[in-house]
Amino acid sequence: MAISYSLTSLSKTLNPSLHKPPRICNLLKTPTQTHLRPTLNLNLNPPPLSLLFSTHIAKSKSKSKSKSKPQSKSHLTPIRCLFTGIVEEMGRVQHLGSATDGGFTMKILSKTVLEDVNLGDSIAVNGTCLTVTDFDTKSAEFTVGLSPETLRKTSLVELEPGSPVNLERALKPSTRMGGHFVQGHVDGTGEIVGKEREGDSLWVTVKAAPELLRYIVPKGFIAVDGTSLTVVKVFDEEGCFNFMLVDYTQQKVVIPLKEIGQKVNLEVDILGKYVERLLSSGFVNPIKSS
């Protein structure tokens, strides 16, 4: 029933000239069908962005394909903003939709992160570095733009009006480093596969793709939905890792509010990626010889 309702609502929202069915897999690029279940079973009103975006992106790609060639991605992404993974507050999504320029926007209700906000500032939303394009301190709202690549790479595509989100402003040089170096460049998404109580603490187990799991080590850092956390164990055979949230953290971040099967944004410790890059490039050998 949830699926048929979503498609009926979608047909009223999208341009009737678009006859091709939305392709969620092309947008999210999930390795298995299990990741699609949480999205399709949600009570969608209005239709989820995952359906709207996938159709729009498929159309826009056909127009821009001949204009530019895809560029290869560099492993050494320049750092334009930096976070610590210490969530400042939980905001709430007010609006999601298309922008007049053909992109997508998200309006978020917040308070703390607007205290010294300026246009163009970077704010991490569930660990995703986004740029403030508009704000209103009186109504305590700010707006950010969302690119198709951001929606493909992160779990933001699953958000709806009313969804809570983790918020953190970009780091200032004078700020205490309470967490670890977080760029806000999400490496991919994981899936919550286990939640278990132990006293007032909460164990959370997350399944991650092999290309991300190789950077995750016991007692190492990881950002989950923008929250700096310490990995407890890594289960290579199951493709999972776990961490524990103390009671205080549970009250301040969105992870405990998510159910088993929902996605979380993952950003691995960048130091591991730099080390791998140096070793694979052969740059280490000349250093040893010198």
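Of this chain's 290 residues, 43% count as buried. Buried means under 20% relative accessible area, exposed over 50%, and partly exposed in between, using a 1.4 Å probe and protein chains only. Now the ground rules. This is a predicted model, where local features need pLDDT of at least 70 and side-chain atom pairs count only at pLDDT 80 or more, while totals for chains, interfaces and linings use all residues. Residues are numbered from 1 along each chain as its sequence is written, and side-chain values use heavy atoms, with hydrogens and water left out.

The chain has nine helices and 13 strands. Those are DSSP runs, numbered from the N terminus: helices are H or I with at least four residues, strands are E with at least two. Look at contacts between residues at least 6 apart in sequence: 72% of them join residues at least 24 apart. Contact here means heavy atoms within 4.5 Å.

Next, the barrel. Six strands close it, in the order S1-S2-S5-S4-S3-S6, with antiparallel pairing. Two strands pair if DSSP finds at least two bridges between them. How many bridges join S1 to S6? Four, between residues 89–98 and residues 164–169. Met 90 stands opposite Asn 166 in S6.

Is Glu 158 buried or exposed? Buried, because its relative accessibility is 14%.

On to S7 and S8. S7 (residues 188–198) pairs with S8 (residues 201–207) in the antiparallel sense, over seven bridges. Gly 194 has Thr 205 in S8 as its bridge partner. Their hairpin has two residues between the strands, and Gly 199 there takes a positive phi near 65 degrees. S8 also runs antiparallel to S12 (residues 240–245), joined by six bridges. Lys 207 is partnered with Cys 240 in S12.

Last stop: Glu 267, in strand S13 (residues 263–268). Glu 267 is buried, yet has no salt bridge. A salt bridge needs a side-chain nitrogen of Lys or Arg within 4 Å of a carboxyl oxygen of Asp or Glu. The nearest side chain of opposite charge, Lys 273, is 5.9 Å away. For charge, Lys and Arg count as positive, Asp and Glu as negative; His and the chain ends are not counted. What does the side chain of Glu 267 reach at 2.9 Å? The backbone nitrogen of Gly 184. Glu 267 also touches residues including Gly 127, His 185 and Ile 222.

Key. Polar contact = N/O pair within 3.5 Å; in protein donor to acceptor, adjacent residues only side chain to side chain. Lists of a residue's contacts leave out its neighbours within four places in sequence.
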